Amino acid sequence: MRQDGVDAIIEQWRTERSDLDDLLPMEVFGRIYRIAGTMGDQMEKVYNRFGIGRGEFDVLATLRRAGAPYDLSPKQLSDTLMLTTGGMTGRLDKLEKAGLITRTPDPTDRRSLRAQLTERGRALIDDAVAAGLEVQRSVLSHLAPSARQQLADLLRDLLAASRS
């Protein structure tokens with residue numbers, strides 16, 4: 001079996017704290033944190049090729065997933081992305097300046113605006129999603145197809161358990 005940095009950490013804890021009898025949670029979450037960090041860095045590089053960061057990607061992807069006409073209110077975006085309205089305003093300003101979204105009056109509430117993907121924004125997010133997915137596929141290709149599905153199922157269960 002291959003060893004990694006988490007294995008070294010676990011061995012150090014076993015040496016220093018032999019009273020800790022079950023270190024499996026540390027192994028699992030140590031690897032999850034490391035995977036999240038390295039994949040986050042890789043995805044950031046992919047999105048940078050398109051002139052956006054992860055934050056802008058999230059906004060564009062949320063608008064794209066909303067379906068035609070690809071528009072949402074800033075509140076809907078903030079709620080989905082768990083951002084403050086101030087944080088959302090900054091992202092929307094940047095995306096509007098880049099010509100990737102427009103802000104139009106909300107037909108149901110004259111006091112608010114809706115963010116809408118432009119054609120350029122839609123093309124960019126479609127390309128960025130495909131490029132990011134290719135990186136993710138490449139990493140997962142090191143696992144057998146059945147192991148990939150098992151991992152997805154196990155992580156879904158673990159995520160649900162972490163929220164309860």
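**Close-ups of a pocket and some salt bridges**

**View 1. Arg31 and Glu27 pair up in a salt bridge, with their closest N and O atoms 3.1 Å apart.** Keep in mind that this is a predicted model. Both residues sit in helix α2, four residues apart, which is about one turn of the helix. Glu27 counts as buried, at 17% relative accessibility, while Arg31 is partly exposed at 24%.

View 2. The largest share, twelve residues, comes from α2. Sorted by class, the lining holds 19 nonpolar, eight polar and seven charged residues.

**View 3. Over in helix α6, Glu134 and Arg137 lie three residues apart, about one turn of the helix.** Their side chains meet in a salt bridge, at 3.7 Å from N to O. Glu134 is partly exposed, with a relative accessible area of 46%, and Arg137 also counts as partly exposed, at 47%.

**View 4. Asp19 and Arg17 make another salt bridge, 2.7 Å from N to O.** Asp19 is exposed, with a relative accessible area of 51%, whereas Arg17 is partly exposed at 35%. The count for the model comes to 16 salt bridges.

How values were computed:
Residues numbered from 1 in each chain as written. Predicted model: local features only at pLDDT ≥ 70, side-chain atom pairs only at ≥ 80, totals over all residues. Heavy atoms only, no water. Helix = DSSP H or I, 4+ residues; strand = E, 2+ residues; numbered from the N terminus. Nonpolar A, V, L, I, M, F, W, Y, C, P; charged D, E, K, R; others polar. Salt bridge = Lys/Arg side-chain N within 4 Å of Asp/Glu carboxyl O. Buried < 20%, exposed > 50% of the residue type's maximum accessible area, 1.4 Å probe, protein only.
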